[in-house]
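Subject: Structure handover

Hello,

Here is the structure you will be working with. Please open it before reading the notes that come after it.

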Amino acid sequence: MCGIFFSLIPKSKSALIARELDKYTLVRLQLEETLKRRGPDCFNTVVCDVKTNDEGGIGQLTFFSTVLSMRDPLTPQPLQSQEGRILQFNGELYDVVGQLEEYRSGLLGGDTSVSKNDTALLSQLFNRFGVLETLQSVRGEYAFVYYDSLSKCLWWARDCIGRRSLLVNRCRKDCIALSSLAPTHATFRGNWREVPAGEVYKLDLHTMGIEVVKWSYEPSGSLVLYSYFLELTRYPYLPICHDVSFYQLSYDTVVGELSSTLLAAVRRRVLAIHHAPSTADTYAILFSGGIDCTLLAYLTAICLRDHTAHVDLLNVAFENPRIGGGYNTPDRILGRQSWQELRSLPALQSSQCDFRFVEINVPYTQVLEHKSRVQDLMFPKDSVMDFSIALAFFFAARGLGTMFASPDADPAEEYSTTSRVLISGLGADELFAGYTRHGTSFARGGYETLADELTLDFGRLHERNLGRDDRVGADWGKEFRYPYLDEEFVHFALQCPLDSKMRVRGNGIEGKWLLRQLARYIGLRHVAEEKKRAIQFGARSAKMEVGQGKIKGTAKFV
Ligand SMILES: Nc1ncnc2c1ncn2[C@@H]1O[C@H](COP(=O)(O)OP(=O)(O)OP(=O)(O)O)[C@@H](O)[C@H]1O
Ligand SMILES: NC(=O)CC[C@H](N)C(=O)O
């Protein structure tokens with residue numbers, strides 16, 4: 001994951017402003033070290049002055065970036081164009097339907113080697129087509145800050161789903177700061193908040209006024225995938241479909257479509273990794289053994305079928321003094337079982353890649369040791385529940401544990417995964433009705449109520465999960481990638497009718513019906529039936545102190 005810090009402060013002789021300047025400098029210096037952990041491959045600072053109004057006001061712009069290089073060639077940031085435009089980019093663009101390649105050859109007259117790197121390509125697209133038009137047509141997970149020196153405008157945003165973190169601090173009209181993380185010191189934290197996804201921001205440095213462009217749905221209900229002339233920013237998917245069932249298609253056809261759309265989303269994420277030679281053969285899945293991540297593990301192996309590669313299944317478990325029971329947590333048991341089931345699939349027997357199970361055991365002493373670090377990273381999220389989840393992702397992303405190449409092989413202790421990309425199954429529950437409360441809404445008000453609940457859940461992923469998880473995971477120089485949140489997959493999933501998500505089965509209600517059908521079809525029979533707990537309960541990172549059992553998840557964590 002790359003790291004971004006930007007600040008704009010007025011240059012002035014006033015003592016008050018000088019103090020403000022000192023404050024921003026302190027914040028930046030403090031953040032620099034943490035941001036370097038996100039992007040260990042290179043870092044740089046660019047500082048420039050800019051006229052901010054007609055009365056001769058001058059502002060100082062500071063751009064500090066760190067890079068975790070994932071795409072060839074390593075492209076240092078901040079990236080400056082010849083005209084002085086500056087881009088800070090944390091993320092990945094994926095070449096859906098070959099469109100980036102088309103851009104590349106069109107822009108560069110066929111010289112495809114020049115901007116194979118997505119940061120470089122994005123910079124050229126912004127410079128050439130402008131920000132909104134470019135965002136409309138690219139696909140991927142990102143947060144960026146872009147300074148257009150010609151129009152004297154600063155742009156920033158997270159992708160429309162919000163898969164990368166970006167925070168903003170605007171304490172005065174003439175000062176603004178943006179960063180992937182908030183400062184650690186409590187005195188500097190007050191005004192930092194997450195930039196909402198679904199909005200693109202533009203600051204005119206002449207007036208210091210901010211314009212917000214919102215992503216919206218096509219009014220006609222038809223999807224415009226690529227258009228050169230759109231001024232508004234349209235979501236690359238349609239709102240949730242309220243139909244209850246498919247009228248035209250058989251469910252076999254739809255399971256086939258699910259499989260191919262998800263495989264394409266996995267392939268984009270798995271194959272878009274530029275490995276250093278020593279890490280050429282290792283991929284990693286955040287693996288609870290639940291259906292969502294097990295399907296992704298299977299599809300990853302399908303993508304890598306002809307590669308000699310290892311797929312590390314990272315399974316985190318906590319020693320929880322409140323509960324006891326060591327590391328034999330529900331996810332550990334389920335993880336081992338699902339690993340065995342994956343290994344026995346006939347479709348993977350001839351595959352050249354193998355699954356390795358990595359047990360990440362976290363003693364309580366380590367929780368205490370890293371507690372304040374996790375608290376700092378997850379800020380501005382600050383609840384008990386946020387902490388239990390952030391803790392689990394923090395240690396899972398570290399990727400340090402005991403590795404089993406096969407169930408009866410001797411384990412390798414102190415194993416550390418070399419994969420910088422961690423594939424996560426987040427998003428499947430929000431798209432396919434996987435939470436218990438989805439069953440409750442369905443039981444209360446039927447499919448209409450369920451549709452409303454799913455819309456709400458999907459729309460708040462950016463503020464509930466994604467920013468926080470990016471901040472804690474990236475601290476180990478890793479990046480999470482989310483196949484279920486691929487735009488094309490989201491489009492498919494939101495258009496699936498509601499009975500492909502939730503159904504009455506026997507005396508109960510079952511969510512994620514279509515995903516379960518796919519698991520059955522693949523031969524993952526046990527996985528298809530599993531009811532998985534949320535990570536903090538499956539890994540037992542929730543409420544670890546004796547006597548904490550009754551504390552509410554929404555309470556502020558101290
Ligand atoms: N114990 C764990 N160890 C490692 N990764 C985990 C663990 N639990 C969850 N994850 C990862 O986080 C993702 C989201 O977790 P969540 O708690 O929402 O579970 P879920 O949606 O039921 O997913 P799944 O069915 O894959 O378990 C999972 O898909 C998986 O990639
Ligand atoms: N980690 C990142 O955000 C990487 C930025 C960009 N995709 C690169 O590889 O250069």
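First, the ground rules. This is a predicted model, in which local features need pLDDT of at least 70 and side-chain atom pairs count only at pLDDT 80 or more, while totals for chains, interfaces and linings use all residues. Residues are numbered from 1 along each chain as its sequence is written, chains are lettered from A and ligands numbered from 1 in the order in which they are written, and side-chain values use heavy atoms, with hydrogens and water left out.

The annotated site

The UniProt record, an unreviewed entry, places the feature "binding site" at Leu286, Ser424 and Gly425. These three residues span 140 residues in sequence, yet no two of their C-alpha atoms are more than 7.6 Å apart, so they gather at one spot. UniProt positions are given here in the numbering used for this model, feature names are shortened, and annotations may be inferred rather than shown by experiment.

Leu286 is found in strand β14 (residues 282–286). Helices (H or I, at least four residues) and strands (E, at least two) are DSSP runs, numbered from the N terminus. Leu286 counts as buried because its relative accessibility is 9%. Buried means under 20% relative accessible area, exposed over 50%, and partly exposed in between, with a 1.4 Å probe and protein chains only. Not counting residues up to four places away in sequence, Leu286 touches Cys293, Leu314, Phe393, Ala396, Leu422, Ile423, Ser424 and Phe480. Contact means heavy atoms within 4.5 Å.

Gly425 sits in the loop between β19 (421–423) and α10 (428–432). Gly425 is buried too, at a relative accessible area of 15%. With residues up to four places away in sequence again left out, Gly425 touches Asp292, Leu296 and Tyr484.

Ile285 also lies in strand β14, and is buried at a relative accessible area of 1%. Beyond its neighbours within four places in sequence, Ile285 is in contact with residues including Cys293, Leu296, Ala297, Thr300 and Ile423. The C-alpha atoms of Ile285 and Arg437 are separated by 27 Å, and the two residues are 152 apart along the chain.

The ligand

What surrounds ligand 1? There are 21 residues around ligand 1, and the closest are Leu286, Ser288, Cys293, Asp331 and Asp429. A residue is near a molecule or strand if one of its heavy atoms lies within 4 Å of it. By class, this shell has 11 nonpolar, 5 polar and 5 charged residues. Ala, Val, Leu, Ile, Met, Phe, Trp, Tyr, Cys and Pro count as nonpolar, Asp, Glu, Lys and Arg as charged, and the others, Gly among them, as polar.

An oxygen atom of ligand 1 is 3.2 Å from a polar backbone atom of Ile291. A nitrogen atom of ligand 1 is 3.1 Å from a polar backbone atom of Val316. A backbone N or O atom of Ile535 lies 2.8 Å from an oxygen atom of ligand 1. A polar contact is a pair of N or O atoms within 3.5 Å; within protein, one must be able to donate a hydrogen and the other to accept it, and residues adjacent in sequence count only if both atoms are side-chain atoms.

The elements that give two or more residues to the shell around ligand 1 are α6 (291–303) and β15 (310–318).

Backbone features

The peptide bond from Gln77 to Pro78 is cis, with omega near -5°; Pro78 lies in the loop between β3 (58–67) and β4 (79–80). The bond from Phe379 to Pro380 is cis as well, with omega near 10°, and Pro380 lies in the loop between α8 (364–378) and α9 (384–398).

Ala433 is not a glycine, but its phi is positive, near 65°. Ala433 lies in the loop between α10 and α11 (436–459) and is buried, at 0% relative accessibility.

Helix α13

How many residues of helix α13 (residues 487–495) are buried? Helix α13 is mostly covered, with 7 of its 9 residues buried. What covers these buried residues includes β6 (139–148), α5 (251–271), α10, α11 and α14 (513–522). Asp486 caps the N-terminal end of α13, with a side-chain oxygen 2.9 Å from the backbone nitrogen of Glu488.

Regards
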